[in-house]
Amino acid sequence: MQPRNMSMSGVVDLAAVKAAGEAKAKAEQARAEAARQGGSAAVPPSALVIDVDEAGFERDILQRSAEVPVVIDFWAEWCEPCKQLGPLLERLAVEYNGRFLLAKIDVDANQMLMQQFGIQGIPAVFAVVAGQALPLFQGAAPEQQIRETLDQLIQVAEERFGLTGIAVDADASAPGAADAPVPAGPYDALLEAAVTALDSGDLAGAVQAYKNVLADDPGHPEAKLGLAQAELLRRVQGMDVQQVRKDAAEKPADVTAQIAAADLDLVGGHVEDAFGRLVEAVRVTAGEDRNAVRVRLLELFEVVGAEDPRVTAARGALARVLF
């Protein structure tokens, strides 16, 4: 069976697969704290392929899907096509260098997950993006078609959910790598200049300093976070708070009013209010207006941080109103 053209219209809400219990909340809080302290460390290439069972499904797939698309390979030891497809997917996971994570599930040992996904035959390949599942293809398939499907998945994950993957340390397993000294980053001066500008109230200067870093290193996590925060502060600077609140209350369909109010919500620490306001605006709008709200919501996700459980919840809500 050939890979189907990927369509987000078939997204299934996986909230019912596993209840979001206390263990998940604690894990997300720990990850959010780690993010505030400098973000997740780069992983070795060997960590891009993981074996997952029912007990680890929520932690290893649902939670990880908030930061990187997770491709699931349902397989079994007796399945001959699985023996062809599995190694190919593992090689591609390493080649794509953190743009997706490959999770392998043995259906014989995890019958509940097989039933939950409605799998009729293996190998079967699914993806989970921001807590939402979609089928990719069933059966062995040519490498080129699999690559095209993965490319579409990565594009959807980035454009619709703001997921850019995880950092990979290619030298992590090299002998002596753990003992090697960590060189000073080439952007220290620019980042320090940005912080100084923020402290002095020079928001335009801070924005430019962070952009200078990102021009050379588009994925730099500290610069991305700093830019999102500086741009938010610059947007609300000089706002007439009472007027913004009045406009938002009186004009629920006014995209500009709702976006401005969401910025104020976030600056004021009302994170869930900001996210909820924009998710609702996405639900009731279309076309360019909807896209403008969606883009601003993704920008606010950057301000709070992808590991924050409130971002994870909002991504799921966004997916439900979009699809």
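# Chatting through a predicted fold

User: What's the mean pLDDT?

Analyst: The protein's mean pLDDT is 80, and 82% of its residues reach 70 or more. pLDDT is the predictor's confidence in each residue, from 0 to 100.

User: Where does it stay under 50?

Analyst: Over residues 1–31 pLDDT stays under 50, and the model has 63 contacts beyond four places in sequence for that stretch. Residues 173–184 also stay under 50, with two such contacts. A contact means heavy atoms within 4.5 Å.

User: How should I read those bits?

Analyst: Where pLDDT is low, the predicted coordinates should not be read in detail.

User: Back to β4. How many of its residues are buried?

Analyst: Five of the six residues of β4 (residues 101–106) are buried, so this strand is largely enclosed by the rest of the structure. Buried means under 20% relative accessible area, exposed is over 50%, and partly exposed is in between (1.4 Å probe, protein chains only).

User: And which strands are joined to β4?

Analyst: β2 (residues 49–51) runs parallel to β4, joined by three bridges, with V49 opposite L102 in β4. β3 is parallel to β4 too, with six bridges, and there D73 stands opposite K104. Two strands count as paired if DSSP finds at least two bridges between them.

User: What about β5 and β6: parallel or antiparallel?

Analyst: β5 (residues 124–129) and β6 pair in the antiparallel sense over six bridges. A124 sits opposite Q138 in β6. Their hairpin has two residues between the strands, and A130 takes a positive phi near 50° there.

User: Is β6 buried or exposed?

Analyst: Five of the seven residues of β6 (residues 132–138) are buried, so β6 is largely enclosed by the rest of the structure.

User: Which residues of α5 are buried, and what covers them?

Analyst: Buried ones include I146, R147, L150, L153 and F161. The cover includes β3 (70–75), α3 (80–95), β5, β6, α12 (287–304) and α13 (309–322).

User: What follows α5?

Analyst: G162 follows α5, and G162 has a positive phi near 70°.

User: How many salt bridges does the search find?

Analyst: The whole structure has 20 salt bridges. A salt bridge is a side-chain nitrogen of Lys or Arg within 4 Å of a carboxyl oxygen of Asp or Glu.

User: What does R147 pair with?

Analyst: The side chains of R147 and E95 meet in a salt bridge (2.7 Å, N to O). R147 lies in α5 and E95 in α3, so the pair ties together parts that are 52 residues apart in sequence. R147 counts as buried at 17% relative accessibility, while E95 is partly exposed at 44%.

User: Which residues are in the network with them?

Analyst: The network of salt bridges links R91, E95, E143 and R147. E95 and R91 have their closest N and O atoms 4.0 Å apart. Those two are four residues apart in α3, which means about one helical turn separates them.

User: Last one: what does L203 touch?

Analyst: L203 is in helix α7 (residues 203–216) and counts as buried at 10% relative accessibility. Leaving out residues up to four places away in sequence, L203 touches L198, L233, R234 and Q237. L203 and R234 are 31 residues apart in sequence, and 5.9 Å apart in space, C-alpha to C-alpha.

Conventions
Residues numbered from 1 in each chain as written. Heavy atoms only, no water.
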